[in-house]
Amino acid sequence: QVQLVESGGGLVQPGGSLRLSCAASGNIFSINTMGWYRQAPGKQRELVAAITSGGNSNFADSVKGRFTISRDNAKNTVYLQMNSLKPEDTALYYCNADLVTWETRPYGRDYWGKGTLVTVSS
């Protein structure tokens with residue numbers, strides 16, 4: 001039984017900042033890549049940022065230079081620091097983790113959080 005719980009979403013004005021957190025818990029053996037996806041109304045879900053267990057990261061072109069992704073492996077937690085927010089960043093943000101459980105090792109698969117809403121508006 002694995003859970004990914006997101007927090008930190010809310011309403012913020014354009015140009016503001018927000019930090020999202022996602023904590024993984026349960027029967028976890030190891031976590032490989034963790035990432036953040038978002039889905040705006042009427043649009044397809046897209047990758048925002050991802051980070052490997054070794055700390056390598058990648059970002060969508062639309063957020064490069066504004067967002068930062070990090071993780072605390074001891075806490076099984078990934079963070080998304082969002083700066084210089086724009087109205088176009090408004091979306092439901094989902095946490096994703098490619099992880100291996102004790103029961104299914106060595107096989108890993110993707111797990112998803114329920115999402116946290118980010119609204120950028122004046």
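Biologist: What am I looking at?
Modeller: A predicted model, where local features need pLDDT of at least 70, side-chain atom pairs count only at pLDDT 80 or more, and totals for chains, interfaces and linings use all residues. Residues are numbered from 1 along each chain as its sequence is written, and side-chain values use heavy atoms, with hydrogens and water left out.

Biologist: Where does Arg38 lie?
Modeller: In strand 4, residues 28-39. Strands are DSSP runs (E, at least two residues), numbered from the N terminus.

Biologist: Is Arg38 buried or exposed?
Modeller: Buried, at 6% relative accessible area. Buried means under 20%, exposed over 50%, partly exposed in between (1.4 Å probe, protein chains only).

Biologist: How many salt bridges are there?
Modeller: Four, counting a side-chain nitrogen of Lys or Arg within 4 Å of a carboxyl oxygen of Asp or Glu.

Biologist: Which salt bridge joins Arg38 and Asp89?
Modeller: One with an N to O distance of 3.0 Å. Asp89 sits in the loop between strand 8 (77-82) and strand 9, and Arg38 in strand 4, so the pair ties together parts 51 residues apart in sequence. Asp89 is buried too, at 2%.

Biologist: What about Arg66?
Modeller: Arg66 also forms a salt bridge with Asp89, with closest N and O atoms 2.8 Å apart. Salt bridges that share partners join Arg38, Glu46, Arg66 and Asp89 into one network.

Biologist: New topic. Where is Thr104?
Modeller: In the loop between strand 9 (91-101) and strand 10 (108-112). Thr104 is partly exposed, at 37%.

Technical notes. Helices (H or I, at least four residues) and strands (E, at least two) are DSSP runs, numbered from the N terminus.
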